[in-house]
Amino acid sequence: MYKYDEYDQQMVDTRVAEFRDQVRRRISGELTEDQFKPLRLQNGLYLQLHAYMLRVAVPYGTLNSVQMRLLGDIADKYDRGYGHFTTRQNIQYNWIKLDETPDILAELATVEMHAIQTSGNCIRNISSDQFAGAAADEVIDPRPYAEMLRQWSSFHPEFLVLPRKFKICVIASEKDRAAMRLHDIGIKMIRNDAGEIGAQFYAGGGMGRTPMIAPMIRDFVPLDQLITFAEACLRVYNRYGRRDNKYKARIKILVHELGRDEYVRQVEEEFAHLLTQPIEPPMAELERIMAHFANPAFETGAADDLDLSDPDFRLWVERNTTAHKQAGYIIATISLKPVGGIPGDATADQIRLMADLGRDYSFDELRVTHSQNIVLPHVKKADLYTVWKALDEAGIGTANIDTVGDIIACPGLDYCSLANARSIPLAQKISQRFGSAEKQAEIGELKLKISGCINACGHHHAGHIGILGVDKKGVENYQLSFGGSEGADTSLAKITGPGFDEDGVVDAVEKATQVYLANKQGEERFLDTYRRIGMDPFKEAIYG
Amino acid sequence: MVEVQFRFRDDEAVNDAAVTVDAFVAEDFAQTNATAVRIEPGDDARALLPQLDRLALIEVNFPAWTDGRGYSSARLLREAGYTGEMRAVGDVVIDMLGHLQRCGFDAFAPDKALNPDDAKNAFARWDNVYQATVVDGRQAIWAKRHPA
C-alpha cells in the first residue's frame, strides 16, 4: 500500500500545526464559533448532540496494522473505548474534547493518517472498492488513481469552499461494490478496445433528500489527462453550482437542472482550456504511486481447499468470504454487525485484534467497507480457520455479510444533531428479530439500510429495504421503502406507503420477508423477487 | 474605501474606482474607460477576456468567505494572461490567505483588518503544495519528485 515520502509527511505535519493554531485562536476567543465552524469542519471535527465528533480519514478504505492499532489506542485514550466505522470507509469518534484534537491529529500523523477534508464543503476522502487489489474480477487496482486524486484534492486552493460537499469514488470492476454511481463523481477504470487503461467518468449522483444516479459524462479519459478532467468537472461545479439553497447545492442538482448534455458541454470546454495549462502530473508520478500497490509476496502453490467440517466455520466461509485473484488465498470480511449490536462499532480491543490479524495473516493490510465492516484482503486459505476462531472469540465472528443482519445505519438521534429519529435501536431490534442463523440463511442476501434523517447517511435509498426515520409531530416515525440497489444495477428504493412506529416497522420488514419467501423463484434474492412481482403483494401483506 | 492590508507587488498601487462587470462589458466595452473592475460571486469572469489588457486592477469580492466562486474567477483570469493587480476584498479571513494567493491574488483588502502576525504565518504556512495551479508560480510536489 501507499507509503508517505517526506513531502506527504510534511503536508500532514503542517496541517496539524495549522489546526493547532486554529484551536488556539478559538479557545482564546480570537475566532468566534461561527468563524471556527467551517475551519474545524474541513478537519472532520463536528459538534454533535453531546460532544465533539472527530472523523478520521481512511483513504480509499485501506489501512495497515500499525494504523489500525493506533485507531484502537485513540479510542481508549481519547474516546470511550470504541470507534465507529462509517459508510464513507472512515472511522469516527463520538466523545472528543476540543482541546485534545490537535494531539490526536499529531498522533495520527505519526502513522501517516489525518482528518483532512473529512467534512466541510470540499472534496472529501476518496472512496473505493474494498476488495481492490484482491478481487478476482478487477481490471486493475483502482487505488493508485484514488491516491493521485487524494493528493490533487488535498488543500486544492480553488476547491476548498465549494457549494457543498463533494464525494469521489474510484472502482475498477464490473461488479460495483462501492456505490460508485451514487457519488458526486464516480470513476470506473476500464480497458478500451485498444487495450489501454482509462477512466470512465460519471457525475451528479448522490443520496440525500434528492437521490440521483449519476449519468456517464465521458466514456474514456486517458490516464495522462485524469487530473485535468477532474479539475474541469470541479471548476464548472464551483462556478455554477447553486449556492442559494444548501439543499440544492450538490452537483447532482446542477447536472439535473442544466441537463447532462449541457453540463458535459461546459466541462469539455473547460477541459479543452485546462489542457493548455501544465497542471497534469507526469505519468512517472502515476508509476511511482503504482509501485506502492504491487502485489504482496503471495505464496505460489498454496493449498486451495478448506476444511469445512466445523459447521459454524462453514457458514462464516459461505457468508463472509469472497474469491481472491490468487489461488490459495481468500478475501475475508469481518462483520461489525453482531446480533443486537451497533452497526459499525468496534471496541478498542477488537480494533487491535483485527490489526494483529491483518499483520499476521493478511500481508499487513486491512480495509474498511462502505457497509461498515472490515476486510482482511489477502488471507491464505490454510490460515482462515485460525483467523475465524480468533474473531469468534472476540465477538466479531458473525456470519451475516449482505444478509438482513448486516444492516447499514447512521448514528441517528443518539449522536447526530441533524437526525430526526434514532437509527441504532431500530437496527438492534431488526438484528435481534432476524438473529437466528437459520432465518438469515433462508432469507439470503438482503441489504437493509437505515437513515435517521433525510440526509441519507445510512444509504436508505440504496437498500433492498430502506428505512428513513422522520419526526412526525414530535414522534419518531419510520418510512419503509423497497427496491434500492447500489451495485452495477443501481436503482433507488420506492416508499411503500404510510410510516410506522419502531415496532411496527420491524413487523413490516418481517412481513416483507415472508412475501419474498412465498414468491421466490429459484435462486432469486429479495431484490429480484421484488423487481419481478412489484410492490403490490408486499403492500397488501404490510397494510392489508 | 477599504484599505489594502497586504500587497505583494512592486508597482504603484492602483486606486482607480472599480466598475461592475456589467458596466465594463456593456455595449462592447464602449461605454467606459475604466481600468478597474469589481467581480461579484455571480459574475462570469470570462466576460472580461476581450479587454483584459485594459485592466490594471481586478477586485474580487467575497461577501462571505465560504462562497468560493472568486477563487475560480481569479485563477481563470490569471490563466488567460492577466498580470495586473488581483485584489481580494470583503470577508477575507486569515486561514484562506495562502489559498487565495495560490489562485492568483496578490493584494488583500479585508473588511476587518487581520492580525498581522497570524496573517504572516498563514501566508508562509505551506512549504509545499500538491497542485500546479500555474498562476502562483510554485512547483507542485509531483514536479519536485520528478525533476525534468
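Here are a few questions and answers about this predicted model. Residues are numbered from 1 along each chain as its sequence is written, and chains are lettered from A and ligands numbered from 1 in the order in which they are written. As the model is predicted, local features need pLDDT of at least 70 and side-chain atom pairs count only at pLDDT 80 or more, while totals for chains, interfaces and linings use all residues.

User: In what order do the 5 strands of the open sheet in chain A run?
Analyst: Strands here are DSSP runs of E, at least two residues, and helices are runs of H or I, at least four, numbered from the N terminus. Two strands pair if DSSP finds at least two bridges between them. The pairing in this sheet is mixed, and the order is 6-7-8-9-10.

User: Which strands of chain A stand at the edges of the sheet?
Analyst: Each edge strand has a single partner strand, so one side of each is left without a neighbour in the sheet. They are strand 6 (127–128) and strand 10 (216–222).

User: Which residue stands opposite A:C169?
Analyst: Strand 7 (residues 168–171) and strand 8 (residues 185–191) of chain A pair in the parallel sense over 4 bridges. The residue opposite A:C169 lies in strand 8 of chain A, and is A:G186.

User: In chain B, where is confidence highest?
Analyst: Confidence per residue is pLDDT, from 0 to 100, and its mean for chain B is 94. Confidence is lowest in helix 1 (residues 21–29) of chain B, at a mean of 86. The highest, at 98, is in helix 2 (residues 69–79) of chain B.

Notes: pLDDT is the predictor's confidence in each residue, from 0 to 100.
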